[in-house]
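Here are some friendly notes to read with the model open beside you. Take them one at a time, and find each residue before moving on.

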Amino acid sequence: MKPTLLILAAGRGSRFGGAKQVAPMGPHGETIMEYSIYDALNNGFEKVVLVINKDVEQDTFDLVNKMTGAKDKISYAYQDLYTEMIHPEIQKQRLKPWGTAHAIMSACDLIDGSFAMINADDYYGKDAFQTMATYLQSHTAPNNYSMVGYDLKNTLSANGTVSRGISISDKNGFLASIKETHEIQADGDKIISEGGVEITEGLASMNFWGFQNNLFEELKFQFKDFLNSASDLTKDEYQIPTVIDQMIKKGMIEVSVLHSGAKWFGVTYKEDAKYAAETIQGYVADGKYPSPLW
């Protein structure tokens, strides 16, 4: 069975200044998310689940309705699920989503079998989807997890420094650690981070994960611990790298690090949008995508 692609599309884009997942980038107003959906469905994925919230609901519906040939393969999950696990008084004080792990939990009733997860506002490239789909179709055991790692140079921004999760593999190609590293930038032929420290090993983790269905049960289990141990439930986030780290430490899973040589880019800030649009339209001009896309 082909895997499902889960797209986290519930972000409100506070730094960007709007809902990034519906920002037009392509020649006919296509979004980055549309190119990811196109790449996934044409490279080994069977269907798509979008995690959204009420704020972006109608914009997302309007976007999907124009996707001829793809919209029947797309379904929706709402990140406001599982609030029964949260005290009403805490929920009232919460001004932003509960984090990536909570977003994945919201889709538990829509996914059977293995699946991959990406961000809606990041461009991952055709190669990454092919690599992940091939892995998930050939590795179906409950402990077979994976992530796509990018060459760090292919994830930098021309608009300033970035933060990246630098992933280190063990001798068998399994994830040994991810270190959140800040103020990363190019410095001539080198790549340096905070304090001018040169980065010489590891791949960048850009939130492209491959999971088995047993993740959902573990997410619910760890979410209870998160609610009991978080220092500030009005702002602390329940994040998927933390969940994966705990599953590795408990011996539940091994995470294969899959390398992609593709160029990754995203739109964290408004200044990033121009580069993203120019790059995508360049791909279209080179014949990598049809125009219009649907």
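The numbered points below go through helices, single residues, backbone angles and charged pairs.

1. Before we start, please keep in mind that this is a predicted model, in which local features need pLDDT of at least 70, side-chain atom pairs count only at pLDDT 80 or more, and totals for chains, interfaces and linings use all residues. Residues are numbered from 1 along each chain as its sequence is written, and side-chain values use heavy atoms, with hydrogens and water left out.

2. Let us begin with helix α2, residues 57–65. Helices here are DSSP runs of H or I with at least four residues, strands are runs of E with at least two, and both are numbered from the N terminus. Which residues of α2 are buried? They are E57, T60, L63 and V64, where buried means under 20% relative accessible area, exposed means over 50%, and partly exposed lies in between (1.4 Å probe, protein chains only). These four sit on the same side of α2, because they cover an arc of only 130° around the axis; the arc is taken from the directions from the helix axis to the C-beta atoms. The buried residues of α2 pack against α1 (32–41), β2 (47–52) and β3 (74–78).

3. Now move to helix α8, which has 16 residues. Its expected span is 1.5 Å times one less than its number of residues. Buried residues of α8 include D272, A276, I280 and Y283. What do the buried residues of α8 pack against? Their partners are α1, β5 (122–123) and β12 (265–266).

4. Stay in α8 (residues 270–285) and pick out V284. V284 counts as buried because its relative accessibility is 13%. Leaving aside residues up to four places away in sequence, V284 touches P27, Y35, Y289 and S291; a contact means heavy atoms within 4.5 Å. The C-alpha atoms of V284 and G26 are 8.1 Å apart, although 258 residues separate the two along the chain.

5. Follow the chain past the end of α8. Just after this helix, G287 takes a positive phi of about 85°. Further on, the peptide bond from S291 to P292 is cis, with omega near 0°. P292 lies in the segment after α8.

6. Next, look at N154, in the loop between β6 (144–150) and β7 (162–169). Is N154 buried or exposed? N154 is buried, because its relative accessible area is 15%. Its contacts, not counting residues up to four places away in sequence, are G261, A262, K263 and W264. A polar atom of the N154 side chain lies 3.5 Å from the backbone oxygen of A262.

7. E183, in strand β8 (residues 175–187), has a phi near 55°, a positive value in a residue other than glycine. N207, in strand β10 (residues 203–211), has a phi near 65°, again positive in a residue other than glycine. E183 counts as partly exposed at 41% relative accessibility, whereas N207 counts as buried at 14%.

8. Finally, the charged pairs. Side chains of opposite charge can pair when their charged atoms come close. A salt bridge here is a side-chain nitrogen of Lys or Arg within 4 Å of a carboxyl oxygen of Asp or Glu. How many salt bridges does this rule give? The count comes to four. One of them joins E34 and K66, at 3.6 Å from N to O. This pair links distant parts of the chain, with E34 in helix α1 and K66 in the loop between α2 and β3, 32 residues apart. E34 is buried, with a relative accessible area of 0%, while K66 counts as partly exposed at 35%.

9. Another salt bridge joins K250 and E218, whose closest N and O atoms are 2.5 Å apart. K250 lies in the loop between α7 (240–249) and β11 (254–260), and E218 in helix α6 (residues 215–229). Also look at K249 and D245, whose side chains meet in a salt bridge at 3.1 Å, N to O. They are separated by about one helical turn, because they are four residues apart in helix α7.

Definitions and conventions:
Polar contact = N/O pair within 3.5 Å; in protein donor to acceptor, adjacent residues only side chain to side chain.
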